[in-house]
Amino acid sequence: MTMTPSRWRAVAAFFVVVLAGFSAWHFPPNLGLDLRGGTQIVLEAQSTDRVDADSDATDRALEVIRGRVDALGVSEPTLARSGENRIIVELPGVQDPEQAAEVIGQTATLEFREVVSPATEGIEPEEGQTVLPDESGQELLLSPVAFDGNGISDATAAQPEGGIGQWVVNVDFSGEGRGPWGQLVQSACANTAGGQRIAIVLDDGIISAPQIQPSLCQSGGGSSTSITGDFSQSEADDLAVLIKGGALPVPVDTIEQRTIGPTLGAAAIDASVTAAIIGLALTALFIVFVYRLVGFMATLALGTYTLIAYGILVWLGATLTLPGLAGFVLAIGLAIDANVLVYERAREEYEEHPKAGLSPALTTGFNKAWSAIIDSNITTILAAMLLFFLATGSVRGFGVTLTIGVLASMISALVVARVLAEWAVRRRFVTKRPRISGIAGTGRVRAFINERGPFIVKRAGVWIVVTAGIAMVALVGVFGKGLNLGVDFTGGRIIEYSTTQTVDAETVREAVSDAGFPNAVVQESSSDGGGENITVRTEDVDDEQVGQIRDAVVSVGGDVEQIRDEQVGPSLGTELRNKALLAFAIAVAAQLVYLGWRFRWTWALAAQISMASVVLMVVGIFAWWGKTIDSVFLAAILSIIGLVVNDTIVVFDRIRENTGLRAQPNLRQLVNDAVLQTIPRTINTTLSALFILGALAAIGGDSLTDFSLAIIIGLSLGVLSTIFTATSLAVLLEERFPFNPEKDAQKRAVDPYSAIDNGRGDGAVV
C-alpha cells in the first residue's frame, strides 16, 4: 500500500509523541538553583607574576575546588569552567554561602617552614625567610619554604585520645612530601635556637607552630603528623578541607554569588505552573470559540507541544530555570500563531473556492502559511541563540528553553495539528455541516475590514512622524530620567527577606540607614508564594556587612528568613551590560541580513527600524516607570525582538504573495490590502498570547511580573508598529529606492515587487 503524505505525517507525529513521552518518563528534570534552592558562586581566576590565569590553570583550579566541594559533603554539586578563566559552582541545598565561599575560594597556600629563632628587633630576614607572629603573637623568624600543600595526600579533623573538647588535624604526606618532611623534622630537631619548632603557614599566617616531639626526632618524621591549635570542630573541619584540597594554582575572586531559598523556588514553580494552566485554559477556550472544530484540534496539539518540548529538554539534560519556564509558555504563543496563520489562510481559500471542499482549503492554508511560519520562527531562534552565547545563568537557560520551545511548537503546529485537523474535516458529518469546522466563513472581523477597512498607508509620512515623536519621549526617559539598572548590570548586592511582622519599606529603610547604609535601596516585593517581602539593594558589601543589614531588618520586622542573596562584582556587571548591548546589536544585524536575503534591503531595514522603535519604547516606559532593568528584562527584550519581527514578516510575506498575482501592482494599495488581510490573524494571535502572559503577570509572582509586563507592552506596541510604522516606512523606502529588475536580477524570485510569481502563489521562495 502506498503511503500518502497524510499518512506519513500521521506516522511521524505518532513516533514524535511516543519518543517525547518516553523521554519525559525516563529522564528526570534538571532544575536550576532558582527552582530547587541553593547557592551559585562564580569565581574568576587571577594571573600572578608566576602563573597566567589561562584555561589550563583554571582547569587545575577547578579540580582543586571540586575536591573541596566534595569534602563539604554537598549533594549533587555542579562545577564547570565558563570561558577562559571562570568557574561556576552550583551547590544545591546550601543556604549558608559565607562558609561555602570562604572554603571554596581561598587560595590556601599551605607552607611548611622551620622556626629559625624568635625575631629580635633589627633582625633582617635573608632571601626566602620571613617574619610572622605565632598563635600567641610572638614574632618568629622562619626559614624558606621546605615544601607546600602539594605534598599532602590526606587531612582529617579528629579528637586525640583523652583530648575531650580539643580538635586537631591529622595530616598524611604523599610520596612527594615524605622526603622533605623528614628533612624538615631532622633540621628542626637540631635547631635549639628555634625551640625545635616547625611552623605550618596558611595564606601567610601561622596556624600552628608546634615543638617537635622527641619521639618524632627519633623516628625521622614518618609519613604523618598532627596540627594542633585552639580549634573548634568546625574550624578543624574547614582546615582539613583546605589542606586536603591543596593550594590553588592561581588565586580566585568571587565575582558573583546567588543564594535562593528552597521555599522561594517551590513557590515559584507552583505559581508558574498555575499561571501556565490558567493561561492555557483561557487560550484554548478562545481558540475553540474562534475556530470551532479545527480550533479544538489545535488545542489538542498544544498538549503534545508541552510533552514534546519537555521531552526534548530532559533528553538534552538542559537546566530548567524560572525564566526557562516563561520561555516554555512564551513558545506556546508561537505555536498558536502558526495555527492561526494556517486557519486564516484556509478560510480565505474556502471563501474563494467553496465547492472544492474543506480538505483542499485546509491543505492550501498550510502551504500558503509555510513561508511566513518558517521566516518568523527563524528570526525568533536567532534572538534565542544570542541569549545562549552572550548571557549567563538563568537567562541563558531562557534562551535554551525558548529555542527548544520554538522547535516543538513547529512540530506541534505543522505536523500534529495538521494530522488532527485533516482527519477532522474529512468526516462526513463535518463535510455536510462545513460551518462547524471553523474554516467555512471568514468571520465578522474580516467582513468588517473588507467593507470598511481604512487606507492606512495613505498618510505614511504622518505615521513615521508620530513614531519619531513617541521615540523622542522614550529617549527623554532613558537619558533624562535614567535607567534603574539592577545589580546584574551595576554590580552590588541584593538581599530579600521574609519577615514575621508586617513592616513597610520606609521603616526598614530608616533602620538600614541607621545601621550605616544610607544609600541602600529598600523596596517591598511580592513573593512568589503570596504576601510581601522586603528587598535591600546596596553597593558591593561583604558578608559581615550583610549580617549588619539583617540585624537592622530584624530590629523592625521581627524574625526574618533570608530567601535570596545575589552578589555581582562591578567588573562582571559592566561585562553583562556590554554583552546586553552586543546581543541587541547582533540580533538586529542577523535579522537584517536574513530579511534582506528573504525580501529586499528596503523591507528588511523597515522591519528592523520598526522593531528598534518598539524596543526603545519599552525601555523608555520602564525608565519613566522606574522599573528595574536587569538580565531578566534583557530576556524579555530579546523575546520582543522575535515577536515583533514575526508580525512584520507575516505582512511582508502577504505583500510578496499578492505582488505575484497582480501584473502592475499599485504599491500603496498593495501594501494596504496586505495589512487589512492579515489583521484577523494579528488580533487572534495577540489575544491568545495575552491570555498566557496576563496569567504570568498576575499569578506568576514577582519573579515573572516585570518579565511578563515587558512582553505584553512590547507585543501590543509591536502590533501597532507593524501596521503603521513598518509598512509606512517600507512604502517610503520603496518609493525612494524602487526595485530595478536589471540591477537586482538575482532577487526577482523573492522580491515583493519583481512581479514574477513562482507558479504557486504561496509566497514561498524559490
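Predicted model: local features only at pLDDT ≥ 70, side-chain atom pairs only at ≥ 80, totals over all residues.
Modeller: Local features here need pLDDT of at least 70 and side-chain atom pairs pLDDT 80 or more, while totals for chains, interfaces and linings use all residues. Residues count from 1 along each chain as its sequence is written, and side-chain values use heavy atoms, leaving out hydrogens and water.

Colleague: Which cysteines form a disulfide?

Modeller: A disulfide means two cysteine sulfur atoms within 2.5 Å. By that rule the count is 1 disulfide. Its sulfur atoms sit 1.9 Å apart, and the pair is Cys189 and Cys217.

Colleague: Is the disulfide of Cys189 and Cys217 left-handed or right-handed?

Modeller: Look at the torsion about the S-S bond, which is about -90°. That value is why the disulfide of Cys189 and Cys217 is left-handed.

Colleague: Is Cys189 buried or exposed?

Modeller: Buried means under 20% relative accessible area, exposed over 50%, and partly exposed in between (1.4 Å probe, protein chains only). Cys189 has 12% relative accessible area, so Cys189 is buried.

Colleague: Are H16 and H17 parallel or oblique to each other?

Modeller: Helices are DSSP runs of H or I, at least four residues, numbered from the N terminus. Helix H16 (residues 505–514) and helix H17 (residues 543–557) pack at about 135°, axes 9 Å apart; axes are lines fitted to C-alpha atoms over the stretch in contact, with angles from 0 to 180 degrees between N-to-C directions. Under 35 degrees counts as roughly parallel, over 145 as roughly antiparallel, 65 to 115 as roughly perpendicular, and the rest as oblique. So H16 and H17 are oblique.

Methods: Helix = DSSP H or I, 4+ residues; strand = E, 2+ residues; numbered from the N terminus.
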